[in-house]
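Have the sequence and the 3D view open side by side. This briefing walks through helices, charged pairs, aromatic rings and the nonpolar core.

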Amino acid sequence: MFNVNKTVLRIAAGAIGAACIGYCIYFDNKRRKDSDYKKKIRQRRRRYIKQDSARDSGIPNLNDHQAIERYFLQEIELGENLIARGEFDNGVEHLANALVVCGQPARLMHVLQTTLPGQVFGMLLMKMQEYSAKTSNENSEAPKNANSGKIRPAPSSVGLETTSEAIIIDELE
């Protein structure tokens, strides 16, 4: 039928390839010079940085109910395991993280109060007060308290005596 030379096919393939590469270079150059493109790229990079920082903090996306539930259960399990091994500081940290995302923190606090030893529950209360102080400082530019940032729970809420409270907690650390 058609008697086509190999050289003609090679020339046609080369011309089509050169046209495609020229097309890509032309539109890439046009895209890069567009000021809206640069703005969009900057916005996209900022968005990715914010998402990465949210992932680094460990707290899941608060709009995703399943992710929050998985995170909550994971933190409760890690906290319980660490406390059972005697690593009270790390265990309290994980339990506090679970309380932050908990839908009913008052009920969970009641359960933890009945199941945890008094000293560990006291550490948990102090950690939660640190979290609330940190978030209130981030949300407002109010001056710090005169107590130099040391936050202690009320002795009656922890169940420890005032004089031995610091000694017992220091022994745990």
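Is Asp28 buried, partly exposed or exposed? Asp28 is partly exposed, with a relative accessible area of 23%. Buried means under 20% relative accessible area, exposed means over 50%, and partly exposed is in between (1.4 Å probe, protein chains only).

This is a predicted model, so local features need pLDDT of at least 70 and side-chain atom pairs count only at pLDDT 80 or more, while totals for chains, interfaces and linings use all residues. Residues are numbered from 1 along each chain as its sequence is written, and side-chain values use heavy atoms, with hydrogens and water left out.

**Salt bridges**

- A salt bridge is a side-chain nitrogen of Lys or Arg within 4 Å of a carboxyl oxygen of Asp or Glu. By this rule there are four salt bridges.
- Side chains of opposite charge can pair when their charged atoms come close.
- Asp28 bridges to Arg31, with the closest N and O atoms 2.0 Å apart. Arg31 is partly exposed, at 33% relative accessibility.
- Asp28 and Arg31 sit three residues apart in helix 1 (residues 6-33), so about one helical turn separates them. Helices are DSSP runs (H or I, at least four residues), and strands are runs of E (at least two), numbered from the N terminus.
- An α-helix has 3.6 residues a turn, so residues three or four places apart point the same way.
- Asp28, Arg31 and Arg32 are linked in a network of salt bridges.
- Lys127 bridges to Glu93, with the closest N and O atoms 3.0 Å apart. Lys127 belongs to helix 6 and Glu93 to helix 4, so the pair ties together parts 34 residues apart in sequence.
- Lys127 is buried, at 18% relative accessible area, whereas Glu93 is partly exposed, at 29%.
- Glu130 also forms a salt bridge with Lys127, the closest N and O atoms being 3.7 Å apart. Both residues lie in helix 6, about one turn from each other. Glu130 is partly exposed, with a relative accessible area of 40%.

**The annotated span and its aromatic rings**

- An unreviewed UniProt entry places a "transmembrane region" at residues 12-29. Such annotations may be inferred rather than shown by experiment.
- In the model, residues 12-29 are 100% helix and 0% strand. The end C-alpha atoms of this span lie 26 Å apart.
- Rings of Phe, Tyr and Trp (its six-membered ring) pair if their centres lie within 6.5 Å; planes under 30 degrees apart are stacked, over 60 edge-to-face, and the rest tilted.
- The structure has two aromatic pairs. Tyr26 and Phe27 form an edge-to-face pair, 4.8 Å centre to centre with 80° between the planes.
- Tyr26 is partly exposed, at 49%, and so is Phe27, at 36%.
- Tyr23, Tyr26 and Phe27 make up one aromatic cluster.

**The nonpolar core**

- A nonpolar core is a set of buried Ala, Val, Leu, Ile, Met, Phe, Trp, Tyr and Cys residues joined through side-chain atoms within 4.5 Å.
- The largest core has 18 residues, of which Leu95, Leu112, Leu116, Phe121 and Leu124 touch the most other members.
- Helix 3 (65-85), helix 4 (88-101), helix 5 (105-115) and helix 6 (118-139) each give two or more residues. Helix 6 gives the largest share, six residues.

- The buried residues of helix 5 are Leu108, Met109 and Leu112. Seen down the axis, they fall within an arc of 100° (taken from the directions from the axis to the C-beta atoms), so they line one face.
- Ala106, Arg107, His110 and Thr114 are exposed on the other side of helix 5.
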